[in-house]
Amino acid sequence: LRDSLLQKKTISQPWYLTPQMEIFAFVGWFSLINYSTWIPHLSFSFMGVNTMTIVDKAYAFAFAAHAAMDQRRKYTGELYIEHPCRVVEIIKNHASIPYAYDYGVLAAAYLHDVVEDVPNIDIGTIDVFFGVTIGSIVWSLTDTEKGSRAVRKRAAADRLAKAPESAQTIKYADIEDNALSIIANDPKFAKVYMREVRYLLSVMTGGCPILRQRCLNIVSDYYK
């Protein structure tokens, strides 16, 4: 998306910016135009950075970071931001207090895949823009493990089992959205993914009990 805009000379190449600064410059450019007509889930308008909550800033940052790579969801081709938006909505609509109203949790939910998926964004960037508390939640949710898939997923489960309850709560919402999509669209991979989820839920027991139970229900329904 960003490259196509550059080619059309809609925006100018900010050649003097670091990659991290360029992402936020991209957010700033979006704040100058009315794009609510082609982002149906947009629920706020930019009146300048100072009027945005930390959750709004996290949404804008995540939107720009994923869109700058033209990252899409695997099965639907929709903009990637739709996934973190659904994760946030699951938390807001179904999680218990305090998670459903915790701005730090909601901001981290928007940002949970940015460090893992966007090469020019590291955890230090998240710390600078959003603070170390949100950064630590995002880092807890970031896959950095190496090796075969089996080795990586077992190590990730061990990491998540020790993660803060806020991070585990986000992970439950992430599992719910991913699991439903994978089961519906990729039955072969679902066998692998759901086995991994079942193990993860056996060791990750903190966070919001309501969201954890929703994931357990998905697993139970899958194996009926």
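This is a predicted model: local features need pLDDT of at least 70, side-chain atom pairs count only at pLDDT 80 or more; totals for chains, interfaces and linings use all residues.
## Overall architecture

The protein chain is built from 12 helices and 0 strands. Read from the N terminus, its elements run α-α-α-α-α-α-α-α-α-α-α-α.

Of the 224 residues of the protein chain, 49% count as buried. When contacts between residues at least 6 apart in sequence are considered, 64% of them join residues at least 24 apart.

## Helix 12 and its buried side

Helix 12 spans residues 209-222 and has 14 residues. From its first C-alpha to its last it reaches 20 Å, which is close to the 20 Å expected at 1.5 Å a residue. Within helix 12, the buried residues are Leu211, Arg212, Cys215, Ile218 and Val219. These residues lie on the same side of helix 12, because they cover an arc of only 115° around the axis.

Against which helices do the buried residues of helix 12 pack? Their partners are helix 4 (82-94), helix 10 (165-185) and helix 11 (187-203).

## The crossing of helix 7 and helix 8

Two packed helices are described by the angle between their axes and the distance between the axes. For helix 7 (residues 123-130) and helix 8 (residues 132-140), the axes come within 7 Å and cross at roughly 150°. The crossing of helix 7 and helix 8 is right-handed.

Helix 7 contributes Ile123, Ile126, Asp127 and Phe130 to this contact, while helix 8 contributes Val132, Ile134, Gly135, Ser136, Val138 and Trp139. By residue class, the contact of helix 7 with helix 8 divides into 7 nonpolar, 2 polar and 1 charged.

## The loop between helix 3 and helix 4

Met69 is located in the loop between helix 3 (54-68) and helix 4. Its relative accessibility is 39%, so Met69 counts as partly exposed. Not counting residues up to four places away in sequence, Met69 touches Asp117, Val118 and Pro119. Met69 and Val118 are 49 residues apart along the chain, and their C-alpha atoms are separated by 7.6 Å.

Asp70 is also found in the loop between helix 3 and helix 4. Although Asp70 is not a glycine, it has a positive phi of about 50°. Asp70 counts as partly exposed because its relative accessibility is 36%.

Where in the chain does Pro98 lie? Pro98 is part of the loop between helix 4 and helix 5 (103-111). The peptide bond that joins Ile97 and Pro98 is cis, with omega at about 15°.

## Arg149 in helix 9

Arg149 belongs to helix 9, which comprises residues 149-161. Is Arg149 buried or partly exposed? At 30% relative accessibility, Arg149 counts as partly exposed. Leaving aside neighbours within four places in sequence, the residues in contact with Arg149 are Phe189, Val192, Tyr193 and Glu196.

Key. Residues are numbered from 1 along each chain as its sequence is written. Side-chain values use heavy atoms; hydrogens and water are left out. Helices (H or I, at least four residues) and strands (E, at least two) are DSSP runs, numbered from the N terminus. The expected span of a helix is 1.5 Å times one less than its number of residues. Buried means under 20% relative accessible area, exposed over 50%, partly exposed in between (1.4 Å probe, protein chains only). The arc is that of the directions from the helix axis to the C-beta atoms. Contact means heavy atoms within 4.5 Å. Axes are lines fitted to C-alpha atoms, for helices over the stretch in contact, and angles run from 0 to 180 degrees between N-to-C directions. A crossing is left-handed if the near helix is turned anticlockwise from the far one by less than a right angle, and right-handed if clockwise. Ala, Val, Leu, Ile, Met, Phe, Trp, Tyr, Cys and Pro count as nonpolar, Asp, Glu, Lys and Arg as charged, and the others, Gly among them, as polar.
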